[in-house]
Amino acid sequence: MKILAINGSPRTLRSTTRQLAQYVLDGAAEAGAETEMIDLCDLKITPCTACEGCLFNGICVFDDDMPALVERMKEADGIVFASPVYIDNVSGQMKIFFDRLADAIHYQVLAGKYGCSVVSTHTSGGDEVVAYQNHVLNYLAVVSVGGISVATGGDSFAVEAKEADARALGGRKLVDAITNGFSNAKQEAEIADNREFFKDIVVENRDMRTEEYERWARLGWIK
Ligand SMILES: Cc1cc2nc3c(=O)[nH]c(=O)nc-3n(C[C@H](O)[C@H](O)[C@H](O)COP(=O)(O)O)c2cc1C
């Protein structure tokens, strides 16, 4: 079982968000998972320019690290989104990454996985950004098992104080959901509604995206 954390802080090893996400991964590793942390700032991910080029074949006009990252996400059983709060939202790095997930969202290529969200902030926006990242997971048809945010107030020990909770999120919750399943009626209803909406796109583009159309038909998502 593989759990992949994607960290949107540009502060790499000094990042408190990364430290919190690492506790989540440590909890997952303790429960038997193979884990990996990816720092978005180490990758080249070009902002989406809305050229709609990916509509035709799923391939972005920009030759960068995003396709390989989506492949890593496909290989993972669990996905952890981790971001600091920047002006009451995710960091720019995280948002650029999210925008580039539009095709993965439309074609629901990560459906059936589980995830969770991790956020650190000085004061504001922690819970809201956890909710936003979980919402993005749901857009991807990934069911979230929860999230954790820490408002440090500038105190570096505030993250350490949350270690046990973060480890439980990765181990007892995320690994357990992957192993035994996890159901959440509200998220499942939202995912079903989204799939109904995206179905029109998949049907409309069936001549250009035949493989995806056939995958949806095989999965019974198109009747
Ligand atoms: C550009 C920028 C914007 C920020 N915006 C907020 C904010 O709106 N609210 C807040 O409480 N903290 C804000 N912060 C503080 C960070 O959220 C906080 O220091 C966080 O723990 C940093 O995480 P990191 O060490 O993983 O990068 C901001 C920091 C930066 C650099």
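Modeller: H1 and H8 are oblique to each other. "Oblique" is what remains once angles under 35 degrees (roughly parallel), over 145 (roughly antiparallel) and 65 to 115 (roughly perpendicular) are set aside. Helix H1 covers residues 16-30. Its axis comes within 7 Å of the H8 axis, and the two cross at roughly 45°. Axes are lines fitted to C-alpha atoms, for helices over the stretch in contact, with angles from 0 to 180 degrees between N-to-C directions. Helices (H or I, at least four residues) and strands (E, at least two) are DSSP runs, numbered from the N terminus.

This is a predicted model; local features need pLDDT of at least 70 and side-chain atom pairs pLDDT 80 or more, while totals for chains, interfaces and linings use all residues. Numbering starts from 1 along each chain as its sequence is written, and side-chain values use heavy atoms, without hydrogens or water.

Now the residues of that pair. From H1 come Leu20, Tyr23, Val24, Asp26, Gly27, Ala28 and Glu30. They meet Glu163, Ala166, Arg167, Leu169, Gly170, Gly171 and Val175 of H8. Contact means heavy atoms within 4.5 Å. By class, this contact holds seven nonpolar, three polar and four charged residues. Ala, Val, Leu, Ile, Met, Phe, Trp, Tyr, Cys and Pro count as nonpolar, Asp, Glu, Lys and Arg as charged, and the others, Gly among them, as polar.

Helix H8, residues 163-180, lies across S1, S3, S4 and S5. Relative to S5, H8 runs at about 175°.

What is the strand order in that sheet? The sheet is open, with five strands in the order S2-S1-S3-S4-S5, and the pairing is parallel. Two strands pair if DSSP finds at least two bridges between them. Strand S2 (34-39) and strand S5 (143-151) stand at the edges. Each has a single partner strand, so one side of each is left without a neighbour in the sheet. On average, neighbouring strands are turned by 15° against each other, direction ignored.

Look inside the sheet next. Strand S3 (residues 78-84) pairs with strand S4 (residues 114-121) in the parallel sense, over seven bridges. In S4, valine 119 stands opposite serine 83. Helix H3 (residues 66-75) packs on the sheet too. H3 touches S2, S3 and strand S1 (2-7), and its direction makes about 140° with that of S1.

Take helix H4 (residues 92-99) and helix H6 (residues 126-139): their axes come within 12 Å and cross at roughly 20°. That makes H4 roughly parallel to H6. H4 supplies Met94, Lys95 and Phe98, and H6 supplies Tyr132, Gln133 and Val136. These contact residues divide into four nonpolar, one polar and one charged.

The other partner of H6 is helix H9 (residues 185-204). The axes of H6 and H9 come within 9 Å and cross at roughly 50°. H6 and H9 are therefore oblique to each other. His135, Asn138 and Tyr139 of H6 make this contact with Gln187, Glu190, Ile191, Asn194 and Phe198 of H9. Its residues are three nonpolar, four polar and one charged.
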